[in-house]
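These are my notebook entries on one structure. I set down what I looked up, entry by entry.

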Amino acid sequence: RTRKEEKAVLQLNDEQEAAVHYTHGPSLIIAGPGTGKTRTLTCKIARMAKKADVSKGVVLAITFTRKAAEEMKERLDNLGVDEGNVLVQTFHGLGYEILEESGEQIQLADRNVYEFLIRQTIRKSGLNINVHSAKQRISDVKKMMFTGAVPDNESFFLLTSYEKEMNAAGMMDFDDLVIKSIECLEKKKSFYEKFIKRFTAVCIDEYQDLDAAQYRLVKLMTKDISKITAIGDPNQSIYGFRGGDSFYFDQFRKDWPGTKLFRLTRNYRSSENILSTAWKLMESSSEDSSLKVISGIPGRPVVLKVCSDEKKEAEWIADCIQKGIGGTGHHAIYAGMDDHEGDRFGFSDIAVLVRTRKQMDIIGDVFLKKGIPFQTGSEKSLQENAVVKEIIAAFRILSGQAMVWDLFSFSFGIPCKESWIQKLWEENPLLSFHMEKKEMGSLNKKISALTKMYHSSRDSIQLMEAVLDEVDPEKKKRDDLFVAALLKKAEKKDPAAFLKEIFLEKEIDTVSEKAEKVSMITLHASKGLEFPMVFMPGCEEGFLPHRKGGKSLDEDEERRLFYVGITRAASSLWLSWAKRRRIFGKSEERMISPFVRDILFLLAEEKERKAVKEKKDGQMRLF
Ligand code: ATP
Ligand code: MG
C-alpha cells in the first residue's frame, strides 16, 4: 500500500499523518483537545505493530486508565493488528506485570485494608490529621521523594509510620505498583535486561499527567529504544505534583536529544462555540498559544444558567435533557462527524460532569423521579457497595488471600466492630480465617461450606452466586445493579484473575458507554472522553476551584480541570450554578465560579460583541 492510500484508510489529516509516519527516533506530539491525539497515537502503534518483526519484540502502549487501554485494544483490533504484536497497559498494570514476572509477592491493599492501615497510622503516629488528608499526603510525599526533594519532618514521619504498617501487613498500595517495580528493575539487572528486550517501541498517551515515578519507569523501559512517542496536552494536566504542567515535556526533550516535535491544530470534536468558550478560559494562562484549536464546526449556543438552589439546578438539567430527547430537530449532534450525521439523539449522548461525587446525589434523585436513565458507573462506588465488598472479601477468603480486615466486609450479616478488628490485628496481622476464635464460631460454618465450593469449582460466576445466596435478600435486591456489574466483570475469569482485575481498577470511575443512559461522572474521569451534549452543574466557588477542608485547591490545576470538562462537549454545552446549596447538611450561599467570571469578563471586553445579558429565565448565551 502506498503512503497516500494508507492515509486515506486511516482517515488522517496531513499533520496527523506526518506524526504517524515518523518512526526514526523519539517524538513528542503536543496538541490541544480533540485534535485526534489518541487517534493518531493508535494509528502509529498500529502501523509499527504491523510492520514489526515480532521475533524482535512488540510495541508497548501506555495509557492512563484501564478504560482507555480497553478502548485502544479495540481500535487496534479494528485496524487489523494482531493482539500479540502490542502490549497495551496502564502504568499500574505494567508495574503489576513487572513485579509478577520477577516473582515478587504482590498483596495489594484494597480500599478497606488501605483505609484501615491509614487509620492505624494516624492512631499510632499521633498526628492530628484526617484520613483523607493523610492519604493525599502519603501519596504526595512518596512521589516527592522520588524526585529527590526532601519533605518536611512531619510528612516524612507520616510516610515512615505508614510504611511500617504496610510492611507489617505485607501489603502494597497503588503507588507502590510503580515504585516497587522501578526498585525491582534497578535491583535485578538480568531480569531487567530480559524484560525490556521484548519491546521495540514505546508509546504514551495523556503524557501531561505523568508523575516522577512514571517518568522514571518510562526511562527504564526505553533504555535501548529510540522509538518513543509521547503525546499530550499541557493544558489538560489535572493530576498535580508535576512541578509545572509542562515540566515533563521539557524534560523529555532534554533526555531524548533530537526529539521531533509534532503539532496538531484542527479539532474534530467540538463546535466553534464550545472551543471559543474553552479558550476564553485558558487564553490568559496557557503558556503555549499554539494549543488553541479550531474546528470550524457550527453548533448551538453555549448556555450559562443561574438557579436558585441545587434542586432547581437538577430539575433544569432534567428538563433540558427531556426536551433534547423528545425533539427531532436537534441538529448536528456529532457536529462535523460524517458517520454520525442523521443519528438520533439518545441518552448515551449526554454527560453530566461534576467536580465532586456528592453532587451526583441530588441530580440522580431528580433523574429517577423523571424517569431519565443514568449511570454513575463509578468503580469507586462499586467497590464501596456493601454487597460487592462482601463478594470480594469472600473471594479473598476463599482464595486464601484474606486477612483480618476482610472481616469488615465479609460478615454475612454479623456486625463487625473496628475495635475488635484492631485487637485481632495487633495480636496477629496475618491471621487467617481458619483460626480458632470464639467470636468466629458462627462464621466458620459458612466459610467451610464455601471453601468446599471453592475447591470444587474454578468458576467465578458460580462462586459468586453461592456467595450471594448467603447475602440478605433485601440488601441484594437493593444493590442488584452493582451485583450485575460485578457479575459481568467475573465472566470468563477464574477467581484469581477476577481479584487481580478488581484490584487494578484505579480509583477512577468509568462508564460502560454502550448503555442507553446518561453518564454522570467526575471531571477527572471524563478525561479523553467525548459526548455530544455536556452539562456542567455547580460552576461555583467551592467546586471550581474546589475547596477541601477550608482550603482551595491549586487554582491553575482546577482551571485546567474545568477546561477538560468543557472540551468533552461536541455540540452543546450547558453550564450552571446555584445561588444556594446544601453543603454538609447546611444551606450555604454560593458565588459563581471565578473561572466563569473570567470568561464573562473577557466577553464583555470585546467591544464589538453585544453585551452578554441574562434573560428572564436565568439563562445567558455565552457564544
Ligand atoms: P483529548 O485531548 O480529549 O484526549 P484527542 O486529541 O485525543 O482528544 P481524539 O479523541 O483522538 O482526540 O479525537 C477526537 C475526535 O475526533 C474523535 O471522535 C476522533 O475520531 C475524531 N478525529 C480525529 N482525527 C480525525 C480525522 N482526521 N478525521 C475525522 N475525525 C477525526
Ligand atoms: Mg485523547
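Which residue in S4 does isoleucine 62 stand opposite? I looked this up and found isoleucine 204 in S4 facing isoleucine 62. I note at the outset that I am working with a predicted model.

**Entry: the pair of strands**
I next looked up how S2 and S4 are joined. Strand S2 covers residues 58-63, strand S4 covers residues 199-204, and the two pair in the parallel sense over five bridges.

**Entry: the sheet**
I then traced the sheet that holds these strands. I found an open sheet of six strands, and I wrote down its order as S3-S2-S4-S5-S1-S6, with parallel pairing. Which strands stand at the edges? They are strand S3 (86-90) and strand S6 (260-264). Each of the two has a single partner strand, so one side of each is left without a neighbour in the sheet.

Helix H2 (residues 14-21) lies across strand S1 (27-31) and S6, and runs at about 150° to S6. Helix H5 (residues 91-101) packs on the sheet, where it touches S2 and S3. The direction of H5 makes about 110° with that of S3.

**Entry: two packed helices**
I reminded myself that two packed helices are described by the angle between their axes and the distance between the axes. For helix H9 (residues 174-187) and helix H11 (residues 212-221), I noted an angle of about 35° and axes 9 Å apart. Is the crossing of H9 and H11 left-handed or right-handed? I recorded it as left-handed. On the H9 side I listed Val178, Ile179, Ser181, Ile182 and Leu185, which meet Ala213, Gln214, Arg216, Leu217 and Leu220 in H11. By class, this contact of H9 with H11 has seven nonpolar, two polar and one charged residues.

**Entry: ligand 1**
I turned to the surroundings of the ligand. There are 17 residues around ligand 1, and Gly36, Lys37, Thr38, Arg39 and Tyr268 come nearest. Helix H3 (residues 37-51) gives the largest share of this shell, three residues. I sorted the shell around ligand 1 by class and found three nonpolar, nine polar and five charged residues.

**Entry: the whole chain**
Last, I looked up the totals. The chain has 26 helices and 16 strands. It has 623 residues, of which 43% count as buried. Of the contacts in the chain with a separation of 6 or more, 78% join residues 24 or more positions apart.

Definitions and conventions:
Residues numbered from 1 in each chain as written. Chains lettered and ligands numbered in written order. Predicted model: local features only at pLDDT ≥ 70, side-chain atom pairs only at ≥ 80, totals over all residues. Near = placed C-beta within 6 Å. Helix = DSSP H or I, 4+ residues; strand = E, 2+ residues; numbered from the N terminus. Nonpolar A, V, L, I, M, F, W, Y, C, P; charged D, E, K, R; others polar. Buried ≥ 20, exposed ≤ 12 C-beta atoms within 10 Å, placed from the backbone. Contact = placed C-beta atoms within 7 Å. Axes fitted to C-alpha atoms, helices over the stretch in contact; angles between N-to-C directions. Left-handed = near helix turned anticlockwise from the far one by under 90°. Pairing = 2+ DSSP bridges.
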